[in-house]
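Here are my notes on the model, as numbered points. Please keep the structure open while reading them.

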Amino acid sequence: MDAYTVPTRYWHQLNDGRVQCDVCPRACKLHAGQRGLCFVRAREDDGIVLSTYGRSSGFCVDPVEKKPLNHFLPGSSIFSFGTAGCNLACRFCQNWDISKSKQIDTLADAASPEGIAEAARDLGCRSVAFTYNDPVIFMEYAMDVADACHDLGLRAVAVTAGYICPEPRAEFFGHLDAANVDLKGFTEDFYRHTCGAELGAVLETLQYLRHETDVWFELTTLLIPGLNDSDAELDAMTSWVVEQLGPDVPMHFTAFHPDFKLLDRPPTPPETLTGARRIALANGVRHVYTGNVHDPAGQSTFCPGCGTRVIERDWYELGAYDLDDSGRCRACGTQTPGVFDGPAGGWGPVRRPVVLGRVGEGER
Ligand code: SF4
């Protein structure tokens, strides 16, 4: 084992000599020397190891709205990083250079959990995000980073597809404060053929988060013309969200641009996003947002009590802000659901790459 390889505990031996990984429902069954579909978990001796502990594909300070999270410390900056690999196989992946990487070169930056938390604090971030690729596959590293963040008073956020088995799910989310979960579509056919995953397992994760944890979470659906954007599918999806998760889980409908293996589809027309928002609102979802377009009406937050626009937002930029420090409407006092702690941050729309070793040498 090298310095970046650690043992894991969610696996079991099969009678035929293979070892099965039990982290995600893909259940890779590995012979000696093989790696799982995610590429970063691999068989070593009679167990499964994580081979990317403490290595990152790069660091950025982002607006929290870019995760996207619109009800979690609005306006604050979030220290963001990912590793390599992914446990899904989305043909439309927008981060495929990272998620499909099998090159250790992608993991150029070494970073201890404590080093990441200290850099985030020194850069004025209120939280750290595991993003760019799915943290489920590097959960041991992500959980240690989350613990180091908590030691310094920072919060930890996962951007994930939620494709994870029940036992590791409980451990993983037990370390987190917030998540943005991709709900990639609402048919098993789409999940199976376009993402290489199962819708049912993702819906279980959403119900688990809503009913058995205090993790704040929001949902994101990338709408791809002709694949997952029909009115019927959006009606079924948003009805399910309200019935099973309640009306207060925010939904984000974001615009697709042709990428990776899905180059034959056009970009999402803005009208598709506003149409999806209309369907969700009609079905009772209280906070629905459009993304990857300029649409101040579809990106602002409105008080669920009196309808006042309480957070003006255009893409990642906040304007007028009419919530008190705990998230209550200044006009009527109604609480906006989410995590609010003080005034809105002033980070703005900037995305700022960070070289970890240089934090403290003019990076602040
Ligand atoms: S986490 Fe990786 S190795 Fe484990 S089952 Fe999922 S894809 Fe396979």
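**Notes on helices, spaces and loops**

α2 passes α3 in a right-handed crossing. Keep in mind that this is a predicted model.

1. Start with the geometry of this pair. Helix α2 covers residues 113–122, and helix α3 covers residues 139–151. Their axes come within 8 Å. The crossing angle is roughly 45 degrees. Angles from 35 to 65 degrees fall between roughly parallel and roughly perpendicular, so α2 and α3 are oblique to each other.

2. Now look at the residues that touch. From α2 come Pro 113, Glu 114, Ile 116 and Ala 117. They meet Tyr 141, Asp 144, Val 145, Ala 148 and Cys 149 of α3. By class, this contact has seven nonpolar and two charged residues. No polar residue takes part.

3. Helix α3 also packs with helix α4, which spans residues 166–173. Here the angle is about 25 degrees, and the axes are 10 Å apart. Angles under 35 degrees count as roughly parallel, so α3 and α4 are roughly parallel to each other. On the α3 side, the contact is made by Met 139, Ala 142 and Met 143. On the α4 side, Pro 168, Glu 171 and Phe 172 take part. Five residues of this contact are nonpolar, one is charged and none is polar.

4. Move on to helix α7 (residues 231–245) and helix α8 (residues 270–282). They pack at about 40 degrees, with axes 9 Å apart. That angle makes α7 oblique to α8. The crossing of α7 and α8 is right-handed.

5. Which residues of α7 and α8 meet? Asp 231, Leu 234, Asp 235 and Thr 238 sit on the α7 side. Ala 276, Ile 279 and Ala 280 sit on the α8 side. This contact divides into four nonpolar, one polar and two charged residues.

6. How many cavities of 30 Å³ or more does a search of the whole structure find? The search finds one. The largest cavity has a volume of about 120 Å³. It is lined by 15 residues. Those closest to its centre are Cys 21, Cys 24, Cys 28, Cys 38 and Arg 41. The lining has 11 nonpolar, two polar and two charged residues.

7. Two elements give two or more residues to the lining: α6 (199–212) and β14 (216–223). By class, the lining has five nonpolar, one polar and three charged residues.

8. Two backbone details deserve a look. The peptide bond from Lys 67 to Pro 68 is cis. Its omega is near -5 degrees. Where is Pro 68? Pro 68 lies in the loop between β8 (59–63) and β9 (77–81).

9. The other detail is at Asp 45. Its phi is near 55 degrees. That is a positive value in a residue other than glycine. Asp 45 lies in the loop between β5 (41–44) and β6 (47–50).

Notes: Residues numbered from 1 in each chain as written. Predicted model: local features only at pLDDT ≥ 70, side-chain atom pairs only at ≥ 80, totals over all residues. Heavy atoms only, no water. Axes fitted to C-alpha atoms, helices over the stretch in contact; angles between N-to-C directions. Helix = DSSP H or I, 4+ residues; strand = E, 2+ residues; numbered from the N terminus. Parallel < 35°, antiparallel > 145°, perpendicular 65-115°, else oblique. Left-handed = near helix turned anticlockwise from the far one by under 90°. Contact = heavy atoms within 4.5 Å. Nonpolar A, V, L, I, M, F, W, Y, C, P; charged D, E, K, R; others polar. 1 Å grid on protein atoms, 1.4 Å probe; cavity = no way out; pocket = protein on both sides within 12 Å on 5 of 7 lines; lining within 4 Å. Points joined across faces, edges and corners; volume = space filled by probe spheres on them.
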